[in-house]
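These are my notebook entries from a sitting with one model.

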Amino acid sequence: MVKIAFYTITGQTQRFINKTGLDAHRIEDAHPQYQMNDKYILILPSYQDFMMDSVVDFLTYKDNKENLLGLIGCGNRNFNDLFAQTAKKISVTLHVPILYLLELSGNSADVKNVRQIVKEACKKGTRRTKRFASSKSIS
């Protein structure tokens, strides 16, 4: 089974997780060191680097970095190049694919697409997927 982990400050990512109905681990600022123990997908909002310390602590804890299958990035397209910047940076740094990008807390198509991505990841097991999708094209 593929697990889900996510981070949020404003609650937008939490709202998206709630819409999907997927069981997910929330990375907490007070206690970011949590071992996933299995392959997982990380869902991230777009924040400035200095706001992502908890995510870095989470990723570097035990084997979390090695178990990361892919990323789902969230953000606001009004910020142009900064849209989903956190997922893009982690993707490049860790050589992990971006599986999907969505705006703010997502829409019904995003919920459907992310559920499908998780379902496919569960079928494929431990292989990293080189899939990229988005509810809208990226300029």
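**Entry 1: His 95.** I looked up His 95 and found it exposed, with a relative accessible area of 66%; exposed means over 50%, buried under 20%, and partly exposed in between, using a 1.4 Å probe and protein chains only. His 95 sits in the loop between α4 and β5. Its phi is positive, about 55 degrees, although His 95 is not a glycine.

A note on what I am working with: this is a predicted model, where local features need pLDDT of at least 70, side-chain atom pairs count only at pLDDT 80 or more, and totals for chains, interfaces and linings use all residues. Residues are numbered from 1 along each chain as its sequence is written, and side-chain values use heavy atoms, with hydrogens and water left out.

**Entry 2: two other positive phi values.** I found Leu 104 with a positive phi of about 50 degrees, and it is not a glycine. Leu 104 belongs to the loop between β5 and α5. At 37% relative accessibility, I logged Leu 104 as partly exposed.

**Entry 3: the whole chain.** I counted five helices and five strands in the protein chain; these are DSSP runs numbered from the N terminus, H or I of at least four residues for helices and E of at least two for strands. From the N terminus on, I read the order as β-α-β-β-α-α-β-α-β-α. Of the 139 residues, 45% are buried. For contacts between residues at least 6 apart in sequence, I noted that 75% join residues at least 24 apart; contact here means heavy atoms within 4.5 Å. The accessible surface comes to about 7500 Å², and 51% of it belongs to carbon and sulfur atoms; the areas come from the Shrake-Rupley method with a 1.4 Å probe, and for residues only the protein chains shown count as cover.

**Entry 4: helix α5.** I followed α5 over residues 108-124: its 17 residues reach 25 Å from first C-alpha to last, close to the 24 Å expected at 1.5 Å a residue. That expected span is 1.5 Å times one less than the number of residues. Which residues of α5 are buried? I listed Asp 110, Val 111, Val 114, Ile 117, Val 118 and Ala 121. They cover an arc of only 130 degrees around the axis, so they are on the same side of α5; the arc is taken from the directions from the helix axis to the C-beta atoms. On the face turned away from that buried side I found the exposed residues Ser 108, Lys 112 and Lys 123. The cover over the buried residues of α5 includes β1 (3-6), α1 (12-20), β3 (40-44), β4 (68-75) and β5 (98-103).

At the N-terminal end of α5, I found Asn 107 as the cap, with a side-chain oxygen 3.0 Å from the backbone nitrogen of Ala 109.

**Entry 5: helix α1.** I found Thr 13, Phe 16, Ile 17 and Thr 20 to be the buried residues of α1. Seen down the axis of α1, they fall within an arc of 100 degrees, so they line one face of the helix. Their cover includes β1, β3, β4, β5 and α5.

**Entry 6: the cores.** I looked up the largest nonpolar core and found 18 residues, of which Ile 4, Ile 41, Ile 43, Ile 72, Tyr 100, Leu 102 and Val 114 touch the most other members. Such a core is a set of buried Ala, Val, Leu, Ile, Met, Phe, Trp, Tyr and Cys residues joined through side-chain atoms within 4.5 Å. β1, α1, β3, β4, β5 and α5 each supply at least two residues of this core. α5 gives the most, with five residues. Apart from this core lies another, of 17 residues, among them Tyr 7, Leu 44, Val 55 and Ile 90.

Entry 7: I found Met 52 in the loop between β3 and α2 (53-59). Is Met 52 buried or exposed? Met 52 is buried, with a relative accessible area of 5%. Leaving aside neighbours within four places in sequence, Met 52 is in contact with Tyr 7, Leu 44, Tyr 47 and Thr 86. Met 52 and Thr 86 are 34 residues apart in sequence, with their C-alpha atoms 8.3 Å apart in space. I placed Thr 86 in helix α4 (residues 85-94), and it counts as buried at 5% relative accessibility. The side chain of Thr 86 reaches the backbone oxygen of Pro 45 at 3.2 Å.

Definitions and conventions. A polar contact is a pair of N or O atoms within 3.5 Å; within protein, one must be able to donate a hydrogen and the other to accept it, and residues adjacent in sequence count only if both atoms are side-chain atoms.
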